[in-house]
Amino acid sequence: MIKKNSLIAAVLLAALTTHGCKMQKTVAQDSIPFPAFAYEGHRGARGLYPENSIGAMKVAIDLPKVTTLEMDCHITKDKQVVVYHDHYLNPKFVLDPNGKELQGNQGPLIYDLNYKELAAYDIGTKPYADFPQQKKIETHIALLSDLIKESEAYAKQKRQAPMFYNIETKSKEGKDGEYHPAPKEFSDLLVAEITKAGIASRTVIQSFDKRTIQYINKKYPAIKTSYLIDAKNKQSIQEIISEFGFKPYILSPNYKIVTEDLLNQAKQQGIKVIPWTVNTVQEIESLRKLGVDGIISDYPNLF
């Protein structure tokens, strides 16, 4: 009996020790501090590789200063979370499943296609006039789950510390049910993916749609949020806070409207400011000197 009890005790001790190690590992991952200065590759590395693709994320990971992979997400007809910017397939850089150019100014809506249909389009072969340095290679729209899995594995090979993620919900008031599901469903689908992937503590969810940010703050308060601000927005920081009912972790304005006054207002409220999209060395350095908390750029090689 004594031997049996000793054996049981040993098994229990081993189990507790293993569980403790797992707990420590989880806590260690969760306690990774937000970057002191966030260097973010916009849509991965849009200026260098087909945007929002797994390859673009790997290009960004290869650049040692990049801390954060920025990307956009949509929802497909069959409720898959995909990494893509526009609400439609963009003829500027998308070819149809037969390799032919799309007709007109807009291709099919992302929300009208199942993922299997969407994945047949090529987003990387056609020359993209806006980004002449972009590598041309056959590329397809990725599921967010696949992109995270590939990025995490690649970063583990290339880096000592894991990547942070900045993921935008591409939703817009007045377009629920047409371009995307309502903010609640959109957000729930996205949060489910980042939670399953184990990166929720290293993810910021951003949006121009305040409804998304408000819902996530209420339903998932542990997840960091960022409010995107376009150049036409003239609200003060206090007006934004009053409208939201809380303080987003980050405000992400068009870089052209970043001023010393805006930064002072944000710092007084304890809010980080990370502007987009900054594409010259001069602009990057100017904003750093001004005191921003990070930079989002199509050309993360400029960091």
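The axes of helix α4 (residues 144–158) and helix α5 approach within 10 Å and cross at roughly 25 degrees, the axes being lines fitted to C-alpha atoms over the stretch in contact, with angles from 0 to 180 degrees between N-to-C directions. Helix α4 is therefore roughly parallel to α5 (under 35 degrees; over 145 is roughly antiparallel, 65 to 115 roughly perpendicular, the rest oblique). The crossing of α4 past α5 is right-handed, with the near helix turned clockwise from the far one by less than a right angle.

This is a predicted model, in which local features need pLDDT of at least 70, side-chain atom pairs count only at pLDDT 80 or more, and totals for chains, interfaces and linings use all residues. Residues are numbered from 1 along each chain as its sequence is written, and side-chain values use heavy atoms, leaving out hydrogens and water.

| Helix | Residues in the contact |
|---|---|
| α4 (residues 144–158) | Leu144, Ser145, Ile148 |
| α5 (residues 183–196) | Leu190, Glu193, Ile194 |

By class, this contact has 4 nonpolar, 1 polar and 1 charged residues.

Glu193 lies in α5 and counts as buried because its relative accessibility is 16% (buried: under 20%; exposed: over 50%; partly exposed in between; 1.4 Å probe, protein chains only). Leaving aside residues up to four places away in sequence, Glu193 touches Val81, Leu144 and Ser145.

Of the 303 residues of the protein chain, 50% are buried. Among its contacts with a separation of 6 or more, 62% join residues 24 or more positions apart.

Definitions and conventions:
Helices (H or I, at least four residues) and strands (E, at least two) are DSSP runs, numbered from the N terminus. Contact means heavy atoms within 4.5 Å. Ala, Val, Leu, Ile, Met, Phe, Trp, Tyr, Cys and Pro count as nonpolar, Asp, Glu, Lys and Arg as charged, and the others, Gly among them, as polar.
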